[in-house]
Amino acid sequence: MPASPQLQQAAEALTRNGFDVYLANEPAHAKLVFFDRILPTIKHKLVSWGDSLTMHSTGVLDELLADPAIEVIKTFDPETTPAEIIERRRRALLTDLFLTGSNAVTADGKLVNLDMIGNRTAALQFGPKKVVIFAGANKIVPDLPTAIDRVKNHAAPLNAKRHNMPTPCAKSGYCHDCSSPKRICNTWTIIDKCFPPGRIKVVLIEGEWGL
Ligand code: SF4
């Protein structure tokens, strides 16, 4: 099936900005693209991930976790302590491959993300040798101001609600620029261009996936 004009335009812009881009019809297709076309090009002995509903929806992580030849650093693990989770997230910055999503993708090919702790935004910037991002068409926005608005008044409130955070946005659905100790909006990354080219690979998926 040919890609929608929206995905095609974003793909062309991301490619101009140095990202490797792949198109998928749905999450199951994104998984095939990942295992057939992306993973064989990456040394992937040590893998980790940052929170992303879209990435989880592909099933990629489950398959990597089931492969005894791959060490996956579990950055979310209810059976361990908060201190151990932070230590694992530090180690995740030195992996061969880091998987995550993006809060927004601008039509001119920038990745826009906002984190509470910074483990995901840090990994996008530097550390893991390769990063693979899974993003639905709903993440594509016209420009940077729209991306920031999308993150603050859509994704962040829904994420706060999803994680049962006692923040005002979890109730209202929009940002109050709060000073809550549980504020989930602390550190941004805006990646204009991928350096070195091809370090970040973006799988754009038709339809609405993630928040
Ligand atoms: S700054 Fe506070 S109110 Fe605004 S989206 Fe983030 S957590 Fe919610």
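**Figure 1. Asp177 in the loop between helix 8 and strand 9.** In this predicted model, Asp177 sits in the loop that links helix 8 to strand 9. Asp177 is not a glycine, yet its phi is positive, at about 45°. Is Asp177 buried or exposed? Asp177 counts as exposed, because 9 C-beta neighbours lie inside 10 Å and the cut-off for exposed is 12 or fewer.

**Figure 2. Asn164 in the loop between helix 7 and helix 8.** Asn164 is placed in the loop between these two helices. Its phi is also positive, about 55°, although Asn164 is not a glycine. Asn164 has 9 C-beta neighbours inside 10 Å, so it counts as exposed.

**Figure 3. The shell around the ligand.** The ligand is surrounded by 15 residues. Ala156, Cys169, Cys175, Cys178 and Cys185 are the closest of them. Two elements give two or more residues to this shell: helix 7 (144-162) and helix 8 (168-172). Which element gives the largest share? Helix 7 does, with 4 residues. By type, the shell holds 9 nonpolar, 3 polar and 3 charged residues.

**Figure 4. The cis peptide bond at Pro196.** Phe195 and Pro196 are joined by a cis peptide bond. Omega is about -5° at this bond. Pro196 belongs to the loop between strand 9 (187-191) and strand 10 (200-205).

Figure 5. Neighbours within four places in sequence are left aside for the contacts of Val202. On that basis, Val202 is in contact with Leu14, Phe19, Val21, Ile133 and Ala135.

**Figure 6. The whole chain, for orientation.** The chain has 8 helices and 10 strands. Its C-alpha atoms fill a box of roughly 45 × 40 × 30 Å along the principal axes. Of the 211 residues, 42% count as buried. Contacts between residues at least 6 apart in sequence include 74% that join residues at least 24 apart.

Terms used: Residues numbered from 1 in each chain as written. Predicted model: local features only at pLDDT ≥ 70, side-chain atom pairs only at ≥ 80, totals over all residues. Near = placed C-beta within 6 Å. Nonpolar A, V, L, I, M, F, W, Y, C, P; charged D, E, K, R; others polar. Buried ≥ 20, exposed ≤ 12 C-beta atoms within 10 Å, placed from the backbone. Contact = placed C-beta atoms within 7 Å.
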